[in-house]
Amino acid sequence: MKQAERLFSQDRAVVAGSLVLLCALAWTWLAPMHMAPSAIPAPAPMHIHPWTPGDAWSVFLMWTIMMVAMMIPGASPMVLEFARAERGKRTGVGAGLTLVFLLGYLSAWTSFSAIATLAQWELQRNGLLSMTMASSSVTAAGLALLAAGIFQFSRLKSRCLAHCRAPMHSSESAVGHKPWPAFTMGLHHGLFCVGGCWVLMALLFVFGVMNLYAVALLTAFVLLEKILPRPEWLTRGAGVALITWGLSLLVA
């Protein structure tokens, strides 16, 4: 028993350390976005020249690293719970399978990053984004805020948040020694997370993709929604605030 507990502690330390390191690296990469936006490669407006493949890759990479920085804090309890469940089966590969699980989870957000890149291309092509990748249209910003506020009260939001907050049962993590089931399970959880947060992430087009304050605020909000005992007040309070803000822009 003591040996099993020692092995679990080692696995937990490896997983927790990996999460902290990955998150720290992502935030370190993002820091220049706020300190000096020009330090992050960004395509010029469409009226200057169309995007090149290199431009598209830079934007996709930016979104991907940003999602890693923003979503790992909120996903950490779930990832550590998966590690505990796998070590409880004494598979002997708990840490490795947990990192595969995390990779599956992040794959869902990588897919979101690809969609966000396409959305940015379309918005910029239509002149709706400034050089800092913030909305240049008050009407578009108001509609986005209004939509995000309404989404906070939606059934989809409630269902996805409930799934993300639910403890992982031992039967859910029956992946044995095989990495593919661990990956698909992480992807499954990641898709629920995307389903509950994608509208909030889209607000970066309103605040500015390079606005590190907005990135940090959304990161904290997503984390609190997942760890607070009763997050309903936070979710609905944010919904009311976003709706009010959006309407104020639309009627101004």
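## Surface and overall make-up

The chain exposes about 12,500 Å², and carbon and sulfur atoms supply 70% of that area. The model is a predicted one, and of the 252 residues in its chain, 46% count as buried.

The chain contains nine helices and zero strands, so that its elements, read along the sequence, follow the pattern α-α-α-α-α-α-α-α-α. Among contacts between residues at least 6 apart in sequence, 82% join residues at least 24 apart.

## The largest nonpolar core

The largest nonpolar core has 65 residues, of which Trp63, Trp109, Met201 and Leu204 touch the most other members. Helix α2, residues 53-88, provides the largest share of this core, with 17 residues.

Around Met201, when residues up to four places away in sequence are not counted, the residues touched are Trp63, Met67, Met70, Met71, Trp109, Phe112, Leu218 and Val222. Two of these partners, Trp63 and Trp109, are named together with Met201 among the residues that touch the most other core members.

## Helix α5 and its cover

Helix α5 spans residues 155-165, and within it Lys157, Cys160, Leu161, His163 and Cys164 are buried. These residues lie on the same side of α5, because they cover an arc of only 160 degrees around the axis. The face turned away from this buried side carries Arg155 and Arg159, both of which are exposed.

The cover over the buried residues of α5 includes α4 (138-151) and α6 (179-202), together with α8 (212-227) and α9 (232-251).

## Pro231 in the loop between α8 and α9

Pro231 is placed in the loop between α8 and α9. With a relative accessible area of 4%, Pro231 falls under the 20% limit and therefore counts as buried.

Leaving aside neighbours within four places in sequence, Pro231 is in contact with Leu161, Arg165, Leu224 and Glu225. Of these, Leu161 is one of the buried residues of α5; Pro231 and Leu161 are 70 residues apart in sequence, and their C-alpha atoms are 9.4 Å apart in space.

## Salt bridges

The structure holds two salt bridges. One of them joins Glu225 to Lys157, with the closest N and O atoms 2.9 Å apart. This pair links distant parts of the chain, since Glu225 belongs to helix α8 and Lys157 to helix α5, 68 residues apart. Both Glu225 and Lys157 are buried, and Glu225 is also one of the residues in contact with Pro231.

The other salt bridge is formed by Arg125 and Glu122, whose closest N and O atoms are 2.7 Å apart. Because Arg125 and Glu122 are three residues apart in helix α3 (residues 94-125), about one helical turn separates them. Arg125 counts as partly exposed at 43% relative accessibility, and Glu122 likewise counts as partly exposed, at 31%.

## A nonpolar patch on the surface

Leu143, Leu247, Leu250 and Val251 form a nonpolar patch on the surface, and together they have about 360 Å² of accessible area. Helix α9 gives the most to this patch, with three residues, while Leu143 lies in helix α4.

At 47% relative accessibility, Leu143 counts as partly exposed. Both α4 and α9 are also among the helices that cover the buried residues of α5.

Definitions and conventions:
Residues numbered from 1 in each chain as written. Predicted model: local features only at pLDDT ≥ 70, side-chain atom pairs only at ≥ 80, totals over all residues. Heavy atoms only, no water. Core = buried A, V, L, I, M, F, W, Y, C linked by side-chain atoms within 4.5 Å. Buried < 20%, exposed > 50% of the residue type's maximum accessible area, 1.4 Å probe, protein only. Helix = DSSP H or I, 4+ residues; strand = E, 2+ residues; numbered from the N terminus. Contact = heavy atoms within 4.5 Å. Arc of directions from axis to C-beta. Areas by Shrake-Rupley, 256 points an atom, 1.4 Å probe, with all protein chains shown as cover. Patch = residues over 30% accessible without salt bridge, like charges linked within 9 Å, V, L, I, M, F, W, Y side chains within 5 Å. Salt bridge = Lys/Arg side-chain N within 4 Å of Asp/Glu carboxyl O.
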